[in-house]
Amino acid sequence: MVKCIDLHKSYGQTIALQGVSFEVNAGEIFGIIGPDGAGKTTLFRILTTLILANQGSATVNGFDVVKDYREIRKCVGYMPGRFSLYQDLTVEENLEFFATVFNTTVEENYELIKDIYQQIEPFKKRRAGKLSGGMKQKLALSCALIHKPTVLFLDEPTTGVDPVSRKEFWGMLKKLKAQGITILVSTPYMDEASLCDRIALIQKGKFLSIDTPLNIVNQYKNQLWAVRSMNMSKLLNDLRSNKSFENCFAFGDSHHVSIENKKLEIKTLEEYLLKCGHTDIEITEIQPTIEDCFMEISKDTTL
Amino acid sequence: MKQLLSFVRKEFYHILRDKTTILILLLMPIIQIILFGFALTTEVKDTRVAVLIPQSDEITTKLVERIHASSYFDVVNTIQSSYEIQKTFRDSQAKLVLVFENDFAAKLKHDGIAHIQLIADATDPNAATSFTFYVSNIIASYQQDMIGTMKNPYQITPEVKMLYNPQMIGAFNFVPGVLGMILILICAMMTSIAIVREKEKGTMEILLVSPMRPIYTILAKITPYFVLSCINFLTIIILSVFVLKVPIAGSFFTLVIISMLYIFVALALGLLISTLTESQVAAMLISGMALMIPVMLLSGMIFPIENMPLPLQIFSNVIPARWYISAVKLVMIQGLGFSAIIKEMLVLSFMAITLIVISLKKFKVRLE
């Protein structure tokens with residue numbers, strides 16, 4: 001459905017994409033995972049024909065993004081990262097406007113958006129600017145879907161949305177996928193990666209790895225320990241100052257230390273930390289998450 | 001077509017829901033007309049005059065009476081000596097002092113000549129010139145009336161007639177000016193802001209990724225402001241005809257035609273500005289600086305073009321308002337027909353076509 005070959009893009013001195021190639025199959029949810037400034041939005045804008053790549057080519061639905069941009073604009077749905085609907089128009093007016101822009105009517109494709117739109121329908125007379133973050137996002141998705149697109153581009157749809165709404169949102173994507181819509185979604189949240197069929201890890205304009213979330217996690221070769229103690233910030237410093245444990249990242253309530261497989265025992269680490277004066281030490285072996293993989297891979301390809 | 005209609009309706013929602021802006025847009029022409037018409041007036045009306053008459057006699061009394069009776073002047077003060085003249089001006093008691101010669105009537109009868117000195121407050125030189133000119137005229141007309149009684153039947157009094165604006169009413173000059181300014185302001189500034197706002201708010205991104213043709217976007221943006229401009233045009237015309245008593249000497253139809261053409265030029269200009277700027281503030285500044293000021297200063301609205309240095313005179317040719325104001329003066333004030341404004345029509349049409357072509361070429365179908 002979507003195919004990119006060696007895309008390059010730079011804005012003056014700033015390089016946004018440096019050689020991105022990938023392919024998205026029909027009917028899959030393809031996640032593009034990476035931190036802010038990795039080039040996700042640039043990639044989406046090239047694919048939605050909003051900007052031109054400096055080098056490389058891309059097709060959406062078999063149409064070239066440069067030559068056949070008119071065709072692409074007819075068949076894709078695009079939800080930009082920033083809430084981009086008319087704040088001074090009501091929910092209903094926004095939806096109707098976008099329906100006519102795409103030469104269709106709300107009634108014609110109501111089935112597709114029914115599940116999503118029903119949740120905001122009680123507020124249909126409210127101005128879009130006065131909606132909560134989660135409702136805005138549902139309205140934006142309804143507007144992007146109203147013309148029944150074959151490919152849906154969602155640029156960071158869950159940024160700034162509460163955890164419950166985020167979960168709901170992914171549930172909606174699953175349903176859309178069941179209707180045969182191909183979905184490209186970008187997110188900075190690693191925990192959402194496992195909800196995609198396949199993901200691409202992107203950093204500094206380069207794809208680090210493209211695979212299913214499961215394969216990416218399985219490819220993680222090292223063993224991983226979650227470490228906690230009374231003094232977490234001193235713990236991080238102590239871990240990083242020791243050559244054996246320097247692959248250490250702060251992860252919420254614990255630090256994750258990755259060790260080359262079978263090289264060290266948990267006991268060794270415990271002894272070292274005791275020597276440093278830590279109390280209440282807790283070390284558990286854990287299964288890697290996508291985020292651990294991302295850290296590991298991005299470290300390998302020191303950019 | 002349905003796309004376009006729905007887009008136009010959306011634009012009207014935007015405008016009508018922004019209460020402050022719509023109020024400003026509708027009230028601006030009214031306020032400007034009233035300001036120019038009543039506050040910033042340059043016409044001569046009830047100007048205060050003081051007189052210094054050494055010996056009052058039949059002729060001086062009649063002359064003073066006549067001056068006082070005219071609607072231009074009010075004789076408010078009679079002063080006793082020349083020492084008081086300075087004081088009269090300094091205290092703003094009068095703008096003009098008439099000093100009669102000694103034995104005024106006697107000298108006129110015996111020598112056939114007598115003098116009146118007109119002293120005017122020339123801090124406003126244009127006004128001072130008008131005052132002296134008006135008084136001279138009144139005196140001349142008095143002289144004319146006296147011819148029968150005098151022994152000098154061949155005396156010739158020069159008669160100056162002010163063509164088209166005999167009372168030198170300021171409104172005759174500024175109504176076309178205000179029209180030229182308001183229309184360019186609303187069309188150019190508001191259209192450019194409306195288009196740039198879509199870019200700034202990110203909605204342009206969605207509109208671009210849709211089958212909507214850019215020409216529809218442009219048309220939809222232009223339509224509401226075109227309607228608004230027409231309302232403003234009518235407001236100004238109604239106010240100037242009924243409140244300021246500036247009649248439409250020529251054909252109303254011709255006036256409408258040339259105004260539509262001018263509105264078209266202004267809309268095209270707004271479109272061009274919107275393709276060159278990325279933010280509403282930039283669009284506002286460009287329309288403000290690049291349109292407002294030249295329109296006010298170089299269109300002949302405030303300063304006559306003939307009095308400008310040559311480079312500015314040449315530059316004024318590229319300002320649409322200059323041609324429009326000139327055409328409105330010809331049609332509305334002088335009452336000339338369509339054939340008199342062919343040159344203006346051609347220049348404005350040329351500008352409209354050029355601007356439309358450039359801005360359509362420049363209109364981006366992508367974000368960059």
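Predicted model: local features only at pLDDT ≥ 70, side-chain atom pairs only at ≥ 80, totals over all residues.

**Where two chains meet**

Modeller: Let's begin with the whole contact between the chains: 35 residues from chain A and 27 residues from chain B take part in it. Together, chain A and chain B bury about 2900 Å², and 57% of that lies on carbon and sulfur atoms. On the chain A side, Leu50(A), Arg73(A) and Tyr86(A) lose the most area to chain B, together 21% of what that side buries.

Now let's zoom in on Gln3(B). This residue sits in helix H1 of chain B, which covers residues 2-17. Is Gln3(B) buried or exposed? Its relative accessibility is 9%, so Gln3(B) counts as buried, because the cut-off for buried is under 20%. The side chain of Gln3(B) reaches across to the backbone oxygen of Val101(A), at 2.6 Å. Apart from neighbours within four places in sequence, Gln3(B) is in contact with Thr100(A), Val101(A) and Asn103(A) in chain A, and with Pro211(B), Met212(B) and Tyr216(B) in chain B.

Let's step back to the interface. Helix H3 (91-101) of chain A is among the elements giving two or more residues to the side that touches chain B, and H3(A) gives the most, with 5 residues. By class, that side of chain A has 18 nonpolar, 8 polar and 9 charged residues.

In a salt bridge, the side chains of Arg17(B) and Glu93(A) meet at 2.8 Å, N to O.

Key. Residues numbered from 1 in each chain as written. Chains lettered and ligands numbered in written order. Heavy atoms only, no water. Helix = DSSP H or I, 4+ residues; strand = E, 2+ residues; numbered from the N terminus. Buried < 20%, exposed > 50% of the residue type's maximum accessible area, 1.4 Å probe, protein only. Polar contact = N/O pair within 3.5 Å; in protein donor to acceptor, adjacent residues only side chain to side chain. Contact = heavy atoms within 4.5 Å. Buried area = accessible area lost by both parts, 1.4 Å probe. Salt bridge = Lys/Arg side-chain N within 4 Å of Asp/Glu carboxyl O. Nonpolar A, V, L, I, M, F, W, Y, C, P; charged D, E, K, R; others polar.
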